[in-house]
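Have the sequence and the 3D view open side by side. This report starts at the ligand and then turns to pockets, backbone and selected residues.

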Amino acid sequence: MSWTLYRHYKGNHYLRLGVGAHSEDLSPHVVYRCLYDNPEARTWVRPQGMFEETLEDGRPRFTPVARVRLVQPEDHATVLAFGYDAWGEGKTLAEFIAGYDQSRNHLRGTRYLLETLEGVPVAGLNTLRFRQGLMGLASVATDPAHRDQGHSALLVRAVMELHRFLHGDVRFLLFSEVPPSVYERHGFRVLPAEHQRFLPSVAMATGEAPLSAAEAEALKAYF
Ligand SMILES: CC(C)(COP(=O)(O)OP(=O)(O)OC[C@H]1O[C@@H](n2cnc3c(N)ncnc32)[C@H](O)[C@@H]1OP(=O)(O)O)[C@@H](O)C(=O)NCCC(=O)NCCS
């Protein structure tokens with residue numbers, strides 16, 4: 001299963017969720033999800049012919065840019081290696097990858113990757129299912145050869161919107177090892193000092209409400 005990401009000719013990005021038949025005439029309609037904060041709606045429907053059409057000026061309305069999919073066992077070594085330069089701690093690459101077999105988050109998590117349209121994995125992340133409506137993001141990493149091209153930003157947002165579409169309102173937690181502003185653009189806020197137990201990794205969450213006791217417990221059990 002994979003989902004294709006598109007750039008609209010006006011610049012915004014979207015995740016194509018699938019195709020459904022119109023109830024009145026069975027015409028195919030693409031269901032797709034905004035990867036930015038659109039107050040009007042996040043999930044949109046458009047006739048498939050229109051979704052895939054070329055505009056009068058010759059540009060496609062939507063251009064495919066990448067795909068998101070679940071990491072499969074055969075992808076693990078490739079995706080885990082993306083974070084080796086940051087988290088390798090003097091281990092060899094083989095030791096670093098093998099070490100994930102003892103990592104609680106690795107074993108309980110579900111990883112996603114972003115791949116090029118040619119099928120080359122370029123970025124990965126882990127999702128942690130803490131409880132209904134509460135999900136953690138972890139181990140966001142991009143292949144060093146493909147950094148600074150917007151891949152991790154696209155992957156983070158696509159995975160968040162996919163889970164919001166599938167599960168309704170989801171609160172996300174993460175620990176940022178890059179300036180928090182990188183995640184603030186996806187709706188994360190830096191949590192108050194009482195939740196900052198693993199600095200310099202900065203605890204962040206989506207949503208305005210203070211963390212509930214159960215959410216704070218999930219954050220403590222993050223690592
Ligand atoms: C951090 C990392 C995942 C970013 O991946 P990437 O695909 O290069 O990121 P993007 O191109 O999507 O960048 C998204 C934004 O974050 C910013 N950013 C990314 N890493 C940054 C860093 N270390 N310091 C400051 N800003 C950073 C980028 O400048 C970009 O902002 P812009 O859109 O204003 O230019 C990548 O550098 C990496 O894999 N590092 C090693 C693992 C790691 O530290 N992960 C962080 C876990 S929180």
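A residue counts as near a molecule or strand if one of its heavy atoms lies within 4 Å of it. Of the 20 residues around the ligand, V140, T142, D148, G150 and R185 come nearest. This is a predicted model, in which local features need pLDDT of at least 70 and side-chain atom pairs count only at pLDDT 80 or more, while totals for chains, interfaces and linings use all residues. Residues are numbered from 1 along each chain as its sequence is written, and side-chain values use heavy atoms, with hydrogens and water left out.

## Ligand contacts

Which atoms of Q149, A153 and R185 face an oxygen atom of the ligand? The table lists these polar contacts. A polar contact is a pair of N or O atoms within 3.5 Å; within protein, one must be able to donate a hydrogen and the other to accept it, and residues adjacent in sequence count only if both atoms are side-chain atoms.

| Residue | Protein atom | Ligand atom | Distance |
|---|---|---|---|
| Q149 | polar backbone atom | oxygen | 3.3 Å |
| A153 | polar backbone atom | oxygen | 2.9 Å |
| R185 | polar side-chain atom | oxygen | 2.9 Å |

Taken alone, the ligand exposes 900 Å², and the protein buries 69% of that. Accessible areas come from the Shrake-Rupley method with a 1.4 Å probe; for residues, only the protein chains shown count as cover.

## The largest pocket

A pocket is an open set of points with protein on both sides within 12 Å along at least five of seven lines. A cavity is a set of points where a 1.4 Å probe fits but cannot get out. Lining residues have an atom within 4 Å of a point. Grid points are joined across faces, edges and corners, and a volume is the space filled by probe spheres set on the points.

The largest pocket has a volume of about 1,200 Å³. It is lined by 43 residues, and W87, S139, V140, A141 and E177 are the closest to its centre. Helices (H or I, at least four residues) and strands (E, at least two) are DSSP runs, numbered from the N terminus. Elements that each supply at least two lining residues are α3 (84-87), α4 (93-99), α5 (104-108), β8, α6, β9 (171-176) and α7 (181-184). Strand β8 gives the largest share, six residues.

By class, this lining has 18 nonpolar, 16 polar and nine charged residues. Ala, Val, Leu, Ile, Met, Phe, Trp, Tyr, Cys and Pro count as nonpolar; Asp, Glu, Lys and Arg as charged; the others, Gly among them, as polar.

## The cavity

How many cavities of 30 Å³ or more does a search of the whole structure find? The search finds one. About 40 Å³ of space lies in the largest cavity. Its lining consists of V79, L80, G83, W87, Y100, R111, G124, S139 and A141. α2 (76-81) and β8 (134-142) are the elements that give two or more residues to this lining. The lining divides into five nonpolar, three polar and one charged.

## Backbone features

The peptide bond from L199 to P200 is cis, with omega near 15°. P200 sits in the loop between β10 (188-190) and β11 (202-206).

L26 has a positive phi, near 65°, in a residue other than glycine. L26 is found in the loop between β2 (13-21) and β3 (28-34). D148 also has a positive phi, near 60°. D148 lies in the loop between β8 and α6 (151-167).

Are L26 and D148 buried or exposed? Buried means under 20% relative accessible area, exposed over 50%, partly exposed in between (1.4 Å probe, protein chains only). L26 counts as exposed because its relative accessibility is 65%. D148 counts as exposed because its value is 83%.

## Buried residues

T206 lies in strand β11. At 5% relative accessibility, T206 counts as buried. A polar atom of the T206 side chain lies 2.9 Å from the backbone nitrogen of F172.

V159 is found in helix α6. V159 is buried, with a relative accessible area of 0%. V159 and R111 are 48 residues apart along the chain, and their C-alpha atoms are separated by 9.9 Å.

Y14 lies in strand β2 and counts as buried at 8% relative accessibility. Y14 and L191 are 177 residues apart in sequence and 29 Å apart in space, C-alpha to C-alpha.

Definitions and conventions: 1 Å grid on protein atoms, 1.4 Å probe; cavity = no way out; pocket = protein on both sides within 12 Å on 5 of 7 lines; lining within 4 Å.
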